[in-house]
Amino acid sequence: MRRLVVALCIAQASVAYGDATVTVTLNDEGRELAQRLGFSVPDFVAHTQAQIDELYKISRIDALLRSFANTAAFAQRGLGADYDVDPGDIFIGAGTAGVQGDVAIGTTDSALGGSIVNFSVLAGVNLSRWHLPKWTVFANGFYEGTTIRGLEGDLLTLGAHVQYQLVQPTLPAKARWTGVAITTGVEYAHWTVGTASSLETHFIAEGSGGRKSIHVSSTGALDVDASTFAFPIEVTTGARLLRVFSLYGGGGVTLATGGSQINAQLDSELTINEEMLPVGNATIDGTGENGPSAASAHAIAGAMLHTRHIRVFVQGTFASDELALALGLRVVP
């Protein structure tokens with residue numbers, strides 16, 4: 001495994017690149033605004049470029065692309081398996097998760113600007129009827145539209161997993177340990193987003209003479225495309241209380257490969273006041289390519305209403321730069 005991680009790191013480092021620029025031009029009103037705020041014109045241009053750079057992550061476009069790839073790879077983490085399976089179970093179900101990553105574009109508010117919603121349909125079979133009660137196999141997937149501020153796109157997730165009951169549960173009782181399970185598999189994600197309308201944002205310009213909110217309205221092309229393969233390995237355990245209430249948790253590591261690309265060609269109008277008085281314009285041009293982190297760790301924790309035929313769960317999955325909160329239902333005929 002160590003050799004595989006090193007190979008993935010080398011492969012991804014060899015293709016990572018990013019090249020992007022912000023060019024700001026002020027009109028007469030913009031030059032007067034610079035003086036009112038206490039800037040020289042060159043300093044105000046530099047200040048405006050730095051603010052737009054921060055909003056669109058221009059100078060760290062390689063990190064933005066890695067975050068897109070990581071979030072795509074993480075979008076279905078924990079939705080492709082059941083963590084409290086009974087021998088003989090055959091089930092189908094669906095779940096939804098709010099996923100938050102560092103993929104905000106056009107805002108510095110990563111909590112809102114970097115959030116998406118993912119769905120997953122799951123089917124699973126415990127192999128006890130084939131005399132393999134310690135083994136359960138799962139398949140999941142979903143295709144949906146996504147939106148991040150003014151960017152719209154599509155997210156396709158597909159997964160196949162296998163789970164092995166390493167340590168058997170204790171006998172049924174009002175309080176029962178569910179043993180230790182190992183889950184692994186492969187997860188594929190393809191996520192595209194692009195400009196569907198203008199991107200509207202703003203920043204605060206502040207100098208010795210005061211501060212002013214400057215609105216930025218950007219039109220043109222901003223397209224991101226990420227495709228990843230992820231290979232998680234998880235160890236989980238839990239307890240079942242009063243025969244119908246389950247708590248579970250654990251952690252794992254994930255190896256990932258793939259890539260993400262960006263193409264940005266935006267023209268932005270800079271305005272102030274309610275009258276949207278123009279003070280200048282900015283152009284954003286950039287391209288880049290990167291891949292997901294070759295190896296990462298995550299934790300998982302959840303609770304489930306576990307009856308014979310109906311399972312309802314809430315679940316959280318946590319990594320260093322991503323988190324997901326999920327809710328779902330599974331039916332056992």
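On a 1 Å grid over the protein atoms alone, a cavity is a set of points where a 1.4 Å probe fits but cannot get out, and its lining residues have an atom within 4 Å of a point. The model is predicted, so local features need pLDDT of at least 70 and side-chain atom pairs count only at pLDDT 80 or more, while totals for chains, interfaces and linings use all residues. Residues are numbered from 1 along each chain as its sequence is written, and side-chain values use heavy atoms, with hydrogens and water left out.

**Exercise 1. Describe the largest cavity and its lining.**

Step 1. A search of the whole structure finds three cavities of 30 Å³ or more. A volume is the space filled by probe spheres set on the points, and grid points are joined across faces, edges and corners. The largest cavity has about 70 Å³.

Step 2. Its lining consists of A20, Y56, I58, I61, L64, I105, L222, I262, A264, I284 and G286. Two or more of the lining residues come from each of α4 (61-74), β9 (245-272) and β10 (277-290). Helices (H or I, at least four residues) and strands (E, at least two) are DSSP runs, numbered from the N terminus.

Step 3. Sorted by class, the lining has 10 nonpolar residues, one polar and no charged. Here Ala, Val, Leu, Ile, Met, Phe, Trp, Tyr, Cys and Pro count as nonpolar, Asp, Glu, Lys and Arg as charged, and the others, Gly among them, as polar.

**Exercise 2. Is α4 largely enclosed or open, and does its length agree with expectation or disagree?**

Step 1. The expected span of a helix is 1.5 Å times one less than its number of residues. For the 14 residues of α4 this comes to 20 Å, and the end C-alpha atoms are 20 Å apart, which agrees.

Step 2. Buried means under 20% relative accessible area, exposed over 50%, and partly exposed in between (1.4 Å probe, protein chains only). Of the 14 residues of α4, 11 are buried, so the helix is largely enclosed by the rest of the structure. Among them are I61, L64, F68 and N70.

**Exercise 3. Which residues other than glycine have a positive phi, and where do they lie?**

Step 1. Most residues other than glycine have a negative phi.

Step 2. K57 has a phi near 55 degrees and sits in the loop between α3 (41-56) and α4. K57 is buried, at a relative accessible area of 4%.

Step 3. R243 has a phi of about 70 degrees and sits in the loop between β8 (210-241) and β9.

**Exercise 4. Characterise the largest nonpolar core.**

Step 1. A nonpolar core is a set of buried Ala, Val, Leu, Ile, Met, Phe, Trp, Tyr and Cys residues joined through side-chain atoms within 4.5 Å. The largest has 61 residues, and those with the most contacts inside it are F44, I52, Y56, F68, W191 and L222.

Step 2. Contact means heavy atoms within 4.5 Å. Leaving aside residues up to four places away in sequence, I52 touches V22, V24, F203, L270, A282 and I284.

**Exercise 5. Describe the second largest pocket.**

Step 1. A pocket is an open set of points with protein on both sides within 12 Å along at least five of seven lines.

Step 2. By class, the lining has seven nonpolar, six polar and three charged residues.
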